[in-house]
Amino acid sequence: MTAKGMVIIDENRCKGCGLCLAVCPVHILKLADGRFNTRGYRPVEITDPEACTGCAMCAIICPDVVFTVYRRRARRGQPAPPPTG
Ligand code: SF4
Ligand code: SF4
C-alpha cells in the first residue's frame, strides 16, 4: 500500500489519553507496551506508517499537539491514490 500521509510524533508531549487511537480511521495508532516517555506516560506509536491516509484526525483530536501530519500531493496528470479503510 502506498502512503498518502506521514505522521511525526513528538512522543514526550503525549499523556497516553488514547483519544487519537479512537479516531484513526485505519487503526494504526497504539500506546507503547512497557515503555514510557519523559513524563511517565506510555506514548502513542504508529504501527503501520504505510497505511496512513494523512487525514489528520489524530492531530485534530490530540489536546497536546503531539502530531504533525504531512500529506503527499498527487502528481500533475496522475490521479490521487484510492482511499483506504
Ligand atoms: S493522519 Fe489519519 S490515518 Fe494517519 S495516523 Fe493520523 S488519524 Fe491515522
Ligand atoms: S490524543 Fe495526544 S496525548 Fe492522547 S494518546 Fe493520542 S497523542 Fe497522546
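**Figure 1. His27 in the loop between α1 and β2.** His27 is exposed, because 12 other C-beta atoms lie within 10 Å, and a residue with 12 or fewer counts as exposed. The model shown here and in the other views is predicted. The phi of His27 is positive, at about 55 degrees, although His27 is not a glycine. Most residues other than glycine have a negative phi.

**Figure 2. Ala56 in the loop between β3 (44-46) and α2.** Ala56 also has a positive phi, near 70 degrees, and is a residue other than glycine. With 16 other C-beta atoms within 10 Å, Ala56 is partly exposed.

**Figure 3. Ile28 and its contacts.** Ile28 lies in the loop between α1 (19-23) and β2 (29-31). Ile28 counts as partly exposed because it has 19 C-beta neighbours inside 10 Å, and 20 or more would be needed for a buried residue. Leaving aside residues up to four places away in sequence, Ile28 touches Ile46, Thr47, Asp48, Ala51 and Cys52. The C-alpha atoms of Ile28 and Pro49 are 7.5 Å apart, while the two residues are 21 residues apart in sequence.

**Figure 4. The largest nonpolar core and Val7.** This core has 11 residues in all: Val7, Cys14, Cys20, Cys24, Leu29, Val44, Cys52, Cys58, Cys62, Val66 and Phe67. Val7 touches Ile46, Cys52, Cys58, Phe67 and Val69, not counting residues up to four places away in sequence.

**Figure 5. The surroundings of ligand 2.** The residues around ligand 2 are Cys14, Lys15, Gly16, Cys17, Gly18, Leu19, Cys20, Val44, Ile61, Cys62, Asp64 and Val66. They divide into 8 nonpolar, 2 polar and 2 charged residues.

**Figure 6. The chain behind the close-ups.** The chain has 2 helices and 4 strands, which follow one another along the sequence in the pattern β-α-β-β-α-β. Of its 85 residues, 15% count as buried. Among contacts between residues at least 6 apart in sequence, 71% join residues at least 24 apart.

Methods:
Residues are numbered from 1 along each chain as its sequence is written. Chains are lettered from A and ligands numbered from 1 in the order in which they are written. This is a predicted model: local features need pLDDT of at least 70, side-chain atom pairs count only at pLDDT 80 or more; totals for chains, interfaces and linings use all residues. A residue is near a molecule or strand if its C-beta atom, placed from the backbone, lies within 6 Å of it. Ala, Val, Leu, Ile, Met, Phe, Trp, Tyr, Cys and Pro count as nonpolar, Asp, Glu, Lys and Arg as charged, and the others, Gly among them, as polar. Two residues are in contact if their C-beta atoms, placed from the backbone, lie within 7 Å. A nonpolar core is a set of buried Ala, Val, Leu, Ile, Met, Phe, Trp, Tyr and Cys residues joined through C-beta atoms within 7 Å.
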